[in-house]
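Thanks, everyone. Let me put the model up and walk through a few side chains.

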Amino acid sequence: MAEALAEARRAAAEGEVPIGAVVVADGRIVGRGRNARERLSDPTAHAEILALQETARALGRWRLAGATMYATLEPCPMCAGALVNARIDRLVYGVADPKAGAVDTLFDVVRDSRLNHRVQVASGILAAECGEILRQFFRDRRKV
C-alpha cells in the first residue's frame, strides 16, 4: 500500500486527484497507476485502470488471476468492473469512497454472485494516510 500511496503523491504533484494503485503478482509489483484524467484528457484514466493495463502488458495476458491490486481509494463502478473482468484475485484498498465506492459503500460489484468472477477484498489498510492525502489535496484546491 505504501507504493500505491507513492503513486497517489505523484498524481497530486501533477495536479490530479491523488489516487494510486499497484498490482502485485508473484511477490513483485507488475503494474502501477495513478490518476491521469486531466493529463491525458481521458475519463477512463483512473489509477486502477492504468495499473491493470500496465500489468496486462507486463504479464502478456489479460486474465490476471493470481494478482492482488492495492488501491488507495475504494474503486468506482468502472474500476470495480474492470477488476472482475481482469479476474484479479484480491483487492486491498485504503479508504472508502462515500460518493462512488463500488466495492463496499454504494455497490458490491466485485462480489456480486451474478457475475462470472468474484474478488476477495480487504479494506482499511493505511486508511488514515490514504484519507489524509485526499483531504489535503481538496483543502489546497479550495484555497486557490
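Arg10 is partly exposed, at 38% relative accessibility; here buried means under 20% relative accessible area, exposed over 50%, and partly exposed in between, with a 1.4 Å probe and protein chains only. This is a predicted model: local features need pLDDT of at least 70, side-chain atom pairs count only at pLDDT 80 or more, and totals for chains, interfaces and linings use all residues. Residues are numbered from 1 along each chain as its sequence is written, and side-chain values use heavy atoms, leaving out hydrogens and water.

Back to Arg10. Which residue does Arg10 form a salt bridge with? Glu7, with the closest N and O atoms 2.7 Å apart. A salt bridge is a side-chain nitrogen of Lys or Arg within 4 Å of a carboxyl oxygen of Asp or Glu. Helices (H or I, at least four residues) and strands (E, at least two) are DSSP runs, numbered from the N terminus. Glu7 is buried, at 3%.

Next, Glu3. Glu3 forms a salt bridge with Arg32, closest N and O atoms 3.0 Å apart. Glu3 lies in H1 and Arg32 in strand S2, residues 28-34, so the pair ties together parts 29 residues apart in sequence. Glu3 is partly exposed at 34%. Arg32 is too, at 29%.

Now the wider picture. A network of salt bridges links Glu3, Glu7, Arg10, Glu14, Arg32, Arg34 and Arg39. The count by this rule is 11 salt bridges. Another one joins the side chains of Asp108 and Arg111, at 3.0 Å, N to O.
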